[in-house]
Structure formats: C-alpha cells, structure tokens
Amino acid sequence: METESTTSTTGERASRQRSQMSFWNKLDERLGLAGLAYPVPEYANSLPYILGGITLAGFIILILTGVLLAQFYDPNPAGAHDSVIYIITQVPFGDFLRSIHFWTANLVVVTLLLHLIRVFTTGSYKRPREANWLVGLGLFAVTLGFVFTGTVLKWDQEGVEALAHNKEIGEILGLWGVWFTSEFTRSVPILTRLYLGHVTLLPAIFTLLIIAHVYLIKQLGISPKPTLDALSGPPSKEQGSSRFTQHLRKMAGYGLWLLGLAGVLALVWPARLGYPGVSGAEVTKPPWMFLPFYPLEDVLGIRGLLVGGIVLFGLLALVPFVDRSKWVSPRRRKWIIIAGIILLVILIALAGYAWVSRPVPHLMGG
C-alpha cells in the first residue's frame, strides 16, 4: 500500500510538472520569453553590476506608490498641503505609503550614484559604450528632476522655497527657461504644471532613456571585467557562462530587499511634512542630493545652482572623450581615477559645509 501511495504521489507530481511546462511552453511560444535567456558574463550577477537593475526596481516601486498617492493629491496651490495631510491622517496606510515613496526615492539616488561610480571605476564608459554613458547621465538628471519636483509637491516651506528657486533659475535662462516660470501660462498654476511634469513629462523622458539604455546594453554586452590586462570592447564569448534570466532573478531579489529597507525606514522615520509654506522666507535647506550646490549660492547667488549643475554634468559628459585608452583596469587609468576621487571629495566637502551651515537668503527679495 505504501508503495502504491508513493507511486501515486510521484505520478501526480510529474503530471503537475508536465502541466506547468506545457503552460510555460505555450506562454513562451507567444511572448518569446526564451529570448531572455541569452548569455551574460558570470560576474554580471555580482552586486556591483546589479546596481543599475536595483535602481530600476526602485523606480518600479516609485511608480506603483506614486500612482496610489496621486489618487488623493490635489495639485492646486490652495489644496496641495491639505491633501498631503489628508493622505497622512485619513487614507488607510497613507502615511506608510508616502514614507515608502519618500525613502525609496532616497535609496534610488544612492544606488544610482553607486552605479555611476562602478561604471566610472571599471571603465565601462569606454568605446563602444560612450553613448550609453551619456544616456546614463540623462537618467541621472531625470532622477534629480523627480526629486526636485517631488519636493515642491509637498507645498510646505521646503517646497515653496524650492519652487521660488525654480522660478528664478527659469528667469535667468530667459526664453530657454520660460516653462519653469509663471510667464509660460496664466491659466494653470505653476505648481500644477510641475505636478504634471512629475507624473507625465519626466516619466516619458525616463521611459525613452531607459529603453535606449537597455537596448545599448543588449547590443554591446556587459563591459569587460576590469582585470589588469582587460581592454575595452564587447566581452568575449567565453565570459557568457551565465544567463540574463538569472540576472533578472538577482535584480528582483535585491529589489525586494530595497522595498523591505524602505519599509523599515518608513516605519522608523516616517516622511516629514513641514508647515504650509510662506513665500519670500528662506529657512530651509535643499534635500541632501542638492547640498553640494548650496554653498555656491553664497558666492554666485541663484546662478551658482545653474553653474554648478552645468559644470558637474559637463565634466562627467567629457569623461569618455578624455580617457581614450583601451585599458579598463583602474590601475592603468590612475590619472582619471584620481581626478574622479578629487571631484567626489569636493562634492562631499561642499555638502558637508552646507549641512553644518545656517540657511541664509539667496532669493531676490528673500
């Protein structure tokens, strides 16, 4: 009897497996999922090379939580701050959801910066990947745009001051910056337009850039492992001992860890909301990712933000075109690595100075 029972259980298990295989075979026939199992280097599954995928997973979390928050947010200046209070106090799990959105945004910036540092350190921007480095910088700029507009949407004192900076930079840019000012249209408040930019324009640009980024990675392959004798170029066939499907599983796993970390932070330190903003006052500092530019305002005024951003992204954009050697090992690229370290130290020092300094007026009439 025991043998018959064991045989029956084994037969049922085999039947379920055949049914599952049949389901996936039918799904693969229609969607071509087997095409995702293309070769990738084994080292591509290590944490440093999955930072970009973790960042993308973070954006998926941001999109999902953002869609839910948008159902309760009022992008009109008269009701924006009250609607955030409503989310915090009245919407079931609203405060937790908003805090997850807030902390995920912060963590995404961290993983994106670490990804940028990894790409720089391993020489992954070298020929033939120069275009993808520039696309990555575009994604970095869009991410900062998300953070900035998200800061304004709270419509507390920090948000009102951020919007005032937005307006003055737009005025400095003249015709090129008119979209950032009230002069663009009188029919829609600028807060509403920034909200629409946050939920439509920036996501559209992000989608186009991420498609280009993933396409170029697929076409050019993962950059070579930065061993002492490694040269820039597509990885050799011998390095493709793993599969992209395994890379996706790793990315999804780390994405869940990211969500878990954001959840813990949301429970321990819920996202703050200040009092309703007062126009003309300057008593706050920008979010930490913008702090390196804050001291430049002391010297150049609002223009310092614009000049600092242009200089930083200009220097980063030049990297593939000034480092033209084929070597990818950091040991063979000491001068560019030292230059990168110096730039990083300067940014950290500026951020540290801004962190300990007192807020001072920079705005016209502030």
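## A predicted helical protein at a glance

The protein has eleven helices and two strands. Helices are DSSP runs of H or I with at least four residues, strands are runs of E with at least two, and both are numbered from the N terminus. This is a predicted model, in which local features need pLDDT of at least 70 and side-chain atom pairs count only at pLDDT 80 or more, while totals for chains, interfaces and linings use all residues. Residues are numbered from 1 along each chain as its sequence is written, and side-chain values use heavy atoms, with hydrogens and water left out.

Read along the sequence, the pattern is α-β-α-α-α-α-α-α-β-α-α-α-α. Along the principal axes, the C-alpha atoms fill a box of roughly 85 × 55 × 35 Å. Of the 366 residues, 39% are buried. Buried means under 20% relative accessible area, exposed means over 50%, and partly exposed lies in between, using a 1.4 Å probe and protein chains only. Among contacts with a separation of 6 or more, 81% join residues 24 or more positions apart. A contact means heavy atoms within 4.5 Å.

The table sets out two helices. The expected span is 1.5 Å times one less than the number of residues.

| Helix | Residues in helix | First to last C-alpha | Expected span |
|---|---|---|---|
| α4 | 28 residues | 40 Å | 40 Å |
| α5 | 24 residues | 35 Å | 34 Å |

After α4 comes Gly123, with phi near 65°. After α5 comes Trp155, with phi near 60°. In α5, 17 of the 24 residues are buried, so this helix is largely enclosed by the rest of the structure.

Thr104 lies in helix α4. At 1% relative accessibility, Thr104 is buried. Leaving out residues up to four places away in sequence, Thr104 touches Gly58, Ile61, Leu62 and Ala262.

Ala262 belongs to helix α8, residues 244-268. Its relative accessible area is 0%, so Ala262 is buried. Beyond its neighbours within four places in sequence, Ala262 is in contact with Ile100, Trp103, Thr104 and Leu107. What separates Ala262 from His101, in sequence and in space? They are 161 residues apart in sequence and 8.1 Å apart in space, C-alpha to C-alpha.

### Two nonpolar cores

In soluble globular proteins, nonpolar side chains tend to be buried together. A nonpolar core here is a set of buried Ala, Val, Leu, Ile, Met, Phe, Trp, Tyr and Cys residues joined through side-chain atoms within 4.5 Å. The largest has 19 residues, and Phe120, Tyr125, Trp133 and Met289 have the most contacts inside it. Helices α4, α5, α10 and α11 (334-356) each supply at least two residues of this core.

Which residues does Trp133 touch, not counting those up to four places away in sequence? Trp133 touches Leu116, Val119, Phe120, Tyr125, Leu316, Ala317, Val319 and Pro320.

### How α6 crosses α10

Two packed helices are described by the angle between their axes and the distance between the axes. The axes of α6 (residues 157-173) and α10 (residues 303-322) come within 9 Å and cross at roughly 75°. These axes are lines fitted to C-alpha atoms over the stretch in contact, and angles run from 0 to 180 degrees between N-to-C directions. Helices α6 and α10 are therefore roughly perpendicular to each other, a term for angles of 65 to 115 degrees; under 35 is roughly parallel, over 145 roughly antiparallel and the rest oblique.

At the contact, His165, Ile169, Ile172 and Leu173 in α6 meet Arg303, Leu305 and Leu306 in α10. By class, there are five nonpolar, one polar and one charged residues. Ala, Val, Leu, Ile, Met, Phe, Trp, Tyr, Cys and Pro count as nonpolar, Asp, Glu, Lys and Arg as charged, and the others, Gly among them, as polar.

### Backbone exceptions in the loops

Most residues other than glycine have a negative phi, and most peptide bonds are trans. Phe93 has a phi near 60°, a positive value in a residue other than glycine. Phe93 sits in the loop between α3 (80-89) and α4. Is Phe93 buried or exposed? Phe93 is exposed, at a relative accessible area of 70%.

Trp155 also has a positive phi, near 60°. Trp155 lies in the loop between α5 and α6. With 16% relative accessibility, Trp155 counts as buried.

The peptide bond from Arg127 to Pro128 is cis, with omega near 10°. Pro128 is in the loop between α4 (94-121) and α5 (130-153).
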